[in-house]
Amino acid sequence: MLRILYLAHDLSDPAIRRRVLALQTGNAEVTLAGFRRGESAGAAIGSLTTIELGTTEDARFIQRAGAVARACLNLGTALRGVVKPDIVIARNLEMLAVARRAVSLFGGDVPIVYECLDIHRLLLRQDFSGRMLRAAEARLGRDVSLLVTSSLAFVENYFQPLSGIEAPVMLLENKVLELDDDIALVPDPRPPADDEPWRIGWFGALRCRKSLDLLSRFSRAMEGKVEIVVRGRPTYAELKDFDSFMRAEPFMSFRGAYSNPEDLSEIYGEVQFTWAIDFFEEGQNSAWLLPNRIYEGCRYGTVPIAIEGTETARFIAGRDIGFVLKDASVEGLVALFSQIDRQRYVEAAGSIVAQGARQWTFRRDDCLDLVQRLSAIAHSGETAFRGRAQTRPGSAAI
């Protein structure tokens, strides 16, 4: 059985829970260690015991750097009793530093996988600070065995032209973890009753002030014909007034956090459209990512709304599904929804149903394949893919 030490930047991140569950389903033995983010509790993963390395705060880079330094100094104590792993997975840049320290404690011969699903804006700066941070990433990642990322746009726009990481690339899309043996069908279109509004779901990591303001102004302009349902984890470092803001909204409702993947069918079943737009790092990370909600929404038959010029827009256009806005404006959204009636919605949702569920889901066989690829790295020094990925998403993803 493959032994994995998984180092997480945020133990409360639902994506960490999904990744660990996938690795366990693939028959790996996982030890999870990482940082608590503020007051958030770690995500529950069965009977798995996690090792806390300290506390970090959103949007406080200096504080996080200090926490990483302290964790590296105390790592021998934290990992006392942990059996030497076959491979170490470092989720995000700060955990790459911890991974190198862990490998040295285990004798220096454990391969490292660098999992990077977001490109922080500091890494993209062209000033001295940005160059120094990229140099640090290149130094920490100079001999990693594999780079795991979720969008080829990250490779094309950052890892190839700017990063010093030279590892082979595995594209691992943010698909819905679905471990049932039978693949359920994508639900049929579910238009609202005649006296009900259209509903747009904005679910997941809630960090985008521009989306919050835009959806507020749009829903008010529609005067109740469109409602916005918000669920997930607000990032209060970016949305300090989130709770009071939502209480004042007549056509927006915040319905709290949810379990992923357990609650996805229920929460997406309440809406007809998915807000698949993110302006958090506009023109950079937000333009390149393929968010969880695009896969989740399509898996459960909701129609995605994207913005032109982003990887998400290219993704849905290539599959002839969803709607793409030319610009992020109230006027653009009002114009779109002035053209949406029952028939157009049913046709748009029907196109997603016709795609089937398989391409939106990460299945039990995918989990086994993932662990087998990692095992090849751990036991024979082979990598999952030789050379850089050169194709659009889907062709190289597992």
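A crossing between two helices is called right-handed if the near helix is turned clockwise from the far one, and left-handed if the near helix is turned anticlockwise from the far one by less than a right angle. In this predicted model, helix 7 passes helix 13 in a right-handed crossing, whereas the crossing of helix 4 with helix 5 is left-handed.

## Helix 7 against helix 13

The axes of helix 7 and helix 13, the latter covering residues 330-338, come within 9 Å and cross at roughly 50°.

On the helix 7 side the contact is formed by Leu214, Arg217, Phe218 and Ala221, which meet Val330, Leu333, Val334 and Phe337 of helix 13. Sorted by class, the residues in this contact between helix 7 and helix 13 comprise seven nonpolar, no polar and one charged.

## Helix 4 against helix 5

For helix 4 and helix 5, the latter covering residues 128-140, the axes come within 10 Å and cross at roughly 40°, so that these two helices are likewise oblique to each other. The residues that meet are Leu93, Leu96, Ala97 and Arg100 from helix 4, and Leu133, Glu137, Arg139 and Leu140 from helix 5. By class, the contact of helix 4 with helix 5 has five nonpolar, no polar and three charged residues.

## Val98 within helix 4

Helix 4 spans residues 93-105, and Val98 has its place there. With a relative accessible area of 0%, Val98 falls into the buried class, for which the cut-off is under 20%. When neighbours within four places in sequence are left aside, the contacts of Val98 are with Leu7, Leu53, Val68, Cys72 and Leu75. Gly34 is 64 residues away from Val98 along the chain, yet the C-alpha atoms of the two residues are separated by 9.2 Å.

## Backbone features in loops

Two residues other than glycine have a positive phi and may deserve attention when the backbone is inspected. Asn27, with a phi of about 75°, lies in the loop between helix 1 (14-25) and strand 2 (29-37), and its relative accessible area of 48% makes Asn27 partly exposed. Glu223 has a phi near 55° and lies in the loop between helix 7 (209-221) and strand 10 (226-234); at 62% relative accessibility, Glu223 counts as exposed.

A further backbone feature is the cis peptide bond that joins Asn260 and Pro261, where omega is about 20°. Pro261 is found in the loop between strand 11 (252-254) and helix 9 (264-268).

## Confidence of the model

The protein chain averages a pLDDT of 90, and 93% of the residues score at least 70. Confidence is highest in strand 12 (residues 273-275), at a mean of 98, and lowest in helix 2 (residues 61-73), at a mean of 88. Over residues 382-398, however, the pLDDT is below 50, although this stretch has 51 contacts in the model beyond near neighbours in sequence. Where pLDDT is low, the predicted coordinates should not be read in detail.

Technical notes. Residues numbered from 1 in each chain as written. Predicted model: local features only at pLDDT ≥ 70, side-chain atom pairs only at ≥ 80, totals over all residues. Heavy atoms only, no water. Helix = DSSP H or I, 4+ residues; strand = E, 2+ residues; numbered from the N terminus. Buried < 20%, exposed > 50% of the residue type's maximum accessible area, 1.4 Å probe, protein only. Contact = heavy atoms within 4.5 Å. pLDDT = per-residue confidence, 0-100. Axes fitted to C-alpha atoms, helices over the stretch in contact; angles between N-to-C directions. Parallel < 35°, antiparallel > 145°, perpendicular 65-115°, else oblique. Nonpolar A, V, L, I, M, F, W, Y, C, P; charged D, E, K, R; others polar.
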